[in-house]
Amino acid sequence: AMFIANFVPLALSVNFIPLLSAGGLAERSAVVIGGSWALMMFPGQLVGGTAFDYVPARLVAAIGFLIMIAGLALLMLPVHPVAVPLAGVLLLGFAMGALSPLFPYLTSRYFGLASFGRLFGVLSALSASAFATGPQTASYVFDTTHSYRLFLAGSIPAILLTILLLDS
């Protein structure tokens with residue numbers, strides 16, 4: 001779950017500008033919109049962090065990943081009007097922020113602090129592996145198909161699988 005949860009957003013964060021440009025946005029618009037995802041990470045962290053205090057973590061995770069899926073779906077739509085890809089990028093940024101404390105929280109909550117260092121080290125290695133392979137995979141899909149659409153479409157069931165893995 002940790003690998004998939006990081007693979008998709010990290011792949012997209014590096015490829016937002018090429019993804020938006022390939023979809024037909026002017027390069028300047030793609031840069032502005034592609035960089036806007038980071039603006040929503042802080043509000044996402046505030047909402048997600050607060051929600052973890054009051055709502056079961058699995059529910060917060062499911063909602064966060066469903067927001068991510070909504071963002072992915074919006075990025076698959078035509079880029080005109082510009083509000084569509086902007087909304088998709090902002091939703092992804094919000095979800096990334098809201099989900100950022102998920103795995104440290106779950107690790108400490110379900111495995112205890114005695115095991116936290118070792119287990120979170122393994123989770124961090126999975127996150128690093130996702131960062132090392134995600135952007136290259138998205139770029140490879142684009143180079144092969146001349147579109148990011150297949151990567152976006154494949155990301156939706158992958159994120160749904162993440163929800164199922166966290167629910168079990």
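Start with the surface of the whole protein: in this predicted model the accessible surface comes to about 8400 Å², and carbon and sulfur atoms account for 71% of that area. Of the 168 residues, 42% count as buried.

Next, switch to a cartoon. The protein has eight helices and zero strands, so the order of elements from the N terminus reads α-α-α-α-α-α-α-α. The radius of gyration is 16 Å, close to the 15 Å that the globule rule gives for 168 residues, so the protein is as compact as a globular protein of that length.

Along its principal axes the trace spans about 50 × 30 × 25 Å.

Now select residues 83–99, which form helix H5. H5 has 17 residues and reaches 24 Å from first C-alpha to last, close to the 24 Å expected at 1.5 Å a residue. Twelve of its 17 residues are buried, so H5 is largely enclosed by the rest of the structure. Show the side chains in turn: the buried residues include Val 84, Pro 85, Gly 88 and Val 89, and a run from Leu 92 through Gly 93, Phe 94, Ala 95, Met 96, Gly 97 and Ala 98 to Leu 99 is buried too.

What covers these buried residues of H5? Select helices H1 (2–22), H2 (27–35), H3 (37–54), H4 (57–76) and H6 (102–111), which are included in the cover.

Note on methods. Residues numbered from 1 in each chain as written. Predicted model: local features only at pLDDT ≥ 70, side-chain atom pairs only at ≥ 80, totals over all residues. Heavy atoms only, no water. Helix = DSSP H or I, 4+ residues; strand = E, 2+ residues; numbered from the N terminus. Expected span 1.5 Å × (residues − 1). Buried < 20%, exposed > 50% of the residue type's maximum accessible area, 1.4 Å probe, protein only. Contact = heavy atoms within 4.5 Å. Rg over C-alpha atoms; globule rule 2.2 N^0.38 Å. Areas by Shrake-Rupley, 256 points an atom, 1.4 Å probe, with all protein chains shown as cover.
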